[in-house]
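Please look at the structure below with its sequence beside it.

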Amino acid sequence: MKKFFMLLLVALIVSALAACSGDDKSNDNQTPEKDSTEQTDGATSGELENDYYKNVVEILKEEGYEVTNITGGDPEFFTDTKSSFGAEVNGEDMLTLQLFEIDPNSEHLKNAKETGMGQAEFEGEVAELPVLVIGNHYIFMAEGHPDQLDIYKLFQEKLK
């Protein structure tokens, strides 16, 4: 159990660092005024080539959520990940929304559909983390996010 909490803490820190590193890179080439608009608009229309991820952003925005700092996520975090996506929702930069496209033939995906737990690996440590499984996608948002339950419910209604 101690390893699980350590892995969860490390995952949150990695998410925060990823969010911060995205800010630093965009500030090098743009003025602060252009940064937030171009980063969000560019990411939703240009960087997000995956239609599923675009749909997730659209659903959130239609429901009034602010979606910013869209990144490619960490495709190495969950076992059998094909692609990933991350974003801040309503300014929660430490508790980001993360989606992972999992190989549809994965045994880990089948297990996650039954248990709600996805196998994650970080620095050689393997743990099971709670995920919302829709199709062959894991949706992961830390329990501390104030909108987590509402967003999960929204995705269960709109993405199935």
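## A first question

Are phenylalanine 77 and phenylalanine 78 buried or exposed? Phenylalanine 77 is buried, and phenylalanine 78 is buried as well, where buried means under 20% relative accessible area, exposed means over 50%, and partly exposed lies in between, with a 1.4 Å probe and protein chains only.

## How to read the model

This is a predicted model, in which local features need pLDDT of at least 70 and side-chain atom pairs count only at pLDDT 80 or more, while totals for chains, interfaces and linings use all residues. Residues are numbered from 1 along each chain as its sequence is written, and side-chain values use heavy atoms, with hydrogens and water left out.

## The protein as a whole

The secondary structure comes to five helices and seven strands, which follow the pattern α-α-α-β-β-β-α-β-β-β-β-α when read along the sequence. Helices (H or I, at least four residues) and strands (E, at least two) are DSSP runs, numbered from the N terminus.

Of the 160 residues in the protein, 46% are buried. The protein exposes about 8800 Å², and carbon and sulfur atoms supply 49% of this area; accessible areas come from the Shrake-Rupley method with a 1.4 Å probe, and for residues only the protein chains shown count as cover. Among the contacts with a separation of 6 or more, 52% are between residues 24 or more positions apart, a contact being heavy atoms within 4.5 Å.

## Aromatic pairs

A search of the whole structure finds seven aromatic pairs; rings of Phe, Tyr and Trp (its six-membered ring) pair if their centres lie within 6.5 Å, and planes under 30 degrees apart count as stacked, over 60 as edge-to-face and the rest as tilted. In one of these pairs, the rings of tyrosine 52 and tyrosine 53 have centres 6.4 Å apart and planes at 75°, so the pair is edge-to-face. Both tyrosine 52 and tyrosine 53 are buried.

The rings of phenylalanine 77 and phenylalanine 78 are also an edge-to-face pair, because their planes stand at 85° while their centres are 5.1 Å apart. Phe77 and Phe78 form one aromatic cluster together with Phe100, Tyr138 and Phe140.

## The sheet

Strands of a sheet pair through backbone hydrogen bonds, either parallel or antiparallel. Here an open sheet of five strands has the order S1-S2-S3-S7-S6, with antiparallel pairing; two strands pair if DSSP finds at least two bridges between them. S1 and S6 stand at the edges with a single partner strand each, so one side of each has no neighbour in the sheet. Neighbouring strands are turned by 20° against each other on average, direction ignored.

Strand S1 (residues 67–71) pairs with S2 over three bridges in the antiparallel sense; the bridge partner of threonine 68 in S2 is glutamate 88, and that of threonine 71 is glycine 86.

Which residues of helix H5 are buried? In H5 (residues 148–158), the buried residues are Gln148, Ile151, Tyr152, Leu154 and Phe155. Seen down the axis of H5, these residues fall within an arc of 160°, so they line one face of the helix; the arc is that of the directions from the helix axis to the C-beta atoms. Leu149 and Glu157, on the other side of H5, are exposed.

The buried residues of H5 pack against helix H3 (51–62) and against strands S2 (81–89), S3 (97–102), S6 (132–134) and S7 (137–140).

## A buried loop residue

Asparagine 136 lies in the loop between S6 and S7, and this residue is buried, with a relative accessible area of 18%. Not counting residues up to four places away in sequence, asparagine 136 touches Phe100, Glu101, Ile102, Pro104 and Leu109.

Methods
Axes fitted to C-alpha atoms, helices over the stretch in contact; angles between N-to-C directions.
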